[in-house]
Protein chains: 2
Amino acid sequence: MSGDHGLRSSITATINALNQNSALHISLVGDEPSILLALAQKKYNPEQLQIHHSPDIVAMDEIPSKALRYKKQSSMYRVLEMLRDGHVSGVISAGNTGALVAMSCIVLKRLSGVSRPAICAPIPAQNGYTLMLDLGANISCDAAQLYQFAVMGASLSKALGASDTPRLALLNIGAELIKGPSVVKEAAELISADPRLNYVGFAEGNDIFSEQIDVVVCDGFTGNVALKVCEGTASFIRNQLKTKFEQSIYGRLSAILAMPVLKAFQGEINPDRYNGAALLGLNGVVIKSHGSSGVESFESAIHQAALAVSEGVTQSIGTQIGTNKL
Amino acid sequence: MSGDHGLRSSITATINALNQNSALHISLVGDEPSILLALAQKKYNPEQLQIHHSPDIVAMDEIPSKALRYKKQSSMYRVLEMLRDGHVSGVISAGNTGALVAMSCIVLKRLSGVSRPAICAPIPAQNGYTLMLDLGANISCDAAQLYQFAVMGASLSKALGASDTPRLALLNIGAELIKGPSVVKEAAELISADPRLNYVGFAEGNDIFSEQIDVVVCDGFTGNVALKVCEGTASFIRNQLKTKFEQSIYGRLSAILAMPVLKAFQGEINPDRYNGAALLGLNGVVIKSHGSSGVESFESAIHQAALAVSEGVTQSIGTQIGTNKL
């Protein structure tokens, strides 16, 4: 954990999570004095909490390859070593995503047969959420990688309890079989040929929000753009709604009356509810939280990590990729 | 025009546009009996309106290459021939996009020096709208094509009156120069080297809605996904808001009070306000309207076509691409 403004939120979230689940143990890795300061006056069972001093941090704008080379003493590197050595069962980081992916590949290694890890996160949708991957770990992907992402996404979806046969779709620019880049069409053939996967076809950008789909697969460039367009649209719409309600006295009065409804609505589309992107395809559970996470948001990431561990997502992906010819 | 449910809306929009602008002349090309039926009891100056019978239509799911081969008698092909032969100054179609692009390339031809046409449309944003291209005409693009899209987008932006030096950005997954695919980085070099273009750097998905950007350039796969994610998010949020207001008697009451504000808000984020995607890079103005356009939406497409003609967008793109070495 770095000493940035997120430390206070993540520590409050940690304490809340520990107090809700007495079986949970959390190790905080970072600058000990800062952590102790943030922990002061918090009530928790000290047996559930460990602190590991690790003052060096990876900056948010640090180039991943440089972080990998020069930041082996950082809290990020240290916590991945703890996971590798079995001292913890899962890792949560709100740090530099590129560095986290690069360090995870080196320290944890990829699962046997996995060619690249992928970043997978839930997007709010009609049926609660849709899992989407890759969200930026891989700028371009071949068909076999997209197939592996489908296997990984399905495993996480099952672990999170959506369904035993999560409905998988490939992101494309049309629903018809002839549409789209050849790599996407080849991936469709690979995915639909695997009887263990419930492939439902191509999804267009708007289908991500449909209740007919549980997991959407795409390359990391498209996925990252899609995720940020989704966040940008939601933020733009919230601002427009706020402005409209503030533009007149009538608007301000009606906003007061409509407040409970508007609050419930904001809660429903709040991305914090679904915070926590999983790095899939590695030897261990690694969850990336938003850099500017609030308390609820960080709690959601802890919850997701605990579920991924208890449901054996790593083992499930390992088994499924391992038994495939690809 | 096909005989589908959109005919009534497009005819009402046509009559409204003619009645607002006595200098405007519109030719309706399609099944004459259906058009006459929809025109019955409408009031307009008959000198402003011509009807051309052309009963054959391109189906919405028709493969572009097949439409090109077998549908030379269709209203779509016919209207492009009328544009090529100087009988009209611009074309608006709500038909099959792929077929429209393919037929436009064959009938109108590309402007000299343009390697591929691009689909460009406005996305609602903080500063009114941001133009985005390509939205699906080209699945993948090289750096020189992305550069040409920047030139085309800047020309349309100027014609629509945003600014004399529209701010151009390239869609990417990070703002830093080292981020993203090599094709995007090469395009950045080409665009920033052209002193006639006001290049402001990389934009992430959420930056499309920023008031700092007028035109966003990307390949057609990414652009199409982004556009549909944007529409999907807006539609998802509208549904959530509606559901919340309908869930309780209190919600329904406060919705009545908040109605004027909610209506103004809906108007602000309504994509119909900015309907009309321009096919840029062709010898002539071609505007693609949404397939399921309402009256306001189709009027917006007519307005956009008229502006593109009067502001000489085609000539402007032709001059700028023509004088460049690429």
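Visitor: Val58(A): buried or exposed?
Guide: Val58(A) counts as buried, at 10% relative accessibility. Buried means under 20% relative accessible area, exposed over 50%, partly exposed in between, with a 1.4 Å probe and protein chains only. This is a predicted model, in which local features need pLDDT of at least 70 and side-chain atom pairs count only at pLDDT 80 or more, while totals for chains, interfaces and linings use all residues; side-chain values use heavy atoms, without hydrogens and water. Residues are numbered from 1 along each chain as its sequence is written, with chains lettered from A and ligands numbered from 1 in the order in which they are written.

Visitor: Where is Val58(A) placed?
Guide: In the loop between strand S2 (49–53) and helix H3 (64–70) of chain A. Helices (H or I, at least four residues) and strands (E, at least two) are DSSP runs, numbered from the N terminus.

Visitor: What is Val58(A) in contact with, leaving aside neighbours within four places in sequence?
Guide: Ala67(A), Lys71(A), Ser74(A), Met76(A), Asn96(A), Ala99(A) and Met103(A). Contact means heavy atoms within 4.5 Å.

Visitor: Different topic. Which residues of helix H11 of chain A are buried?
Guide: In H11 (residues 313–322), Val313(A), Thr314(A), Ile317(A), Gln320(A) and Ile321(A) are buried. They span an arc of only 140 degrees around the axis, so they lie on the same side of H11(A). The arc is that of the directions from the helix axis to the C-beta atoms.

Visitor: What's on the other side of H11(A)?
Guide: Gln315(A) and Thr319(A), which are exposed there.

Visitor: And what covers the buried residues of H11(A)?
Guide: The cover includes helix H6 (143–159), strand S9 (277–280), strand S10 (285–288) and helix H10 (295–310) of chain A.

Visitor: Over to chain B. Where is Asn172(B)?
Guide: Asn172(B) is in the loop between strand S6 (167–171) and helix H7 (182–193) of chain B. Asn172(B) is buried, with a relative accessible area of 0%.

Visitor: What does Asn172(B) touch?
Guide: Not counting residues up to four places away in sequence, its contacts include Phe221(A) and Val225(A) from chain A. Among those in chain B are Lys179(B), Pro181(B), Phe202(B) and Glu204(B).

Visitor: Last one: how many residues of chain A, and what share is buried?
Guide: Chain A has 326 residues, of which 54% count as buried.
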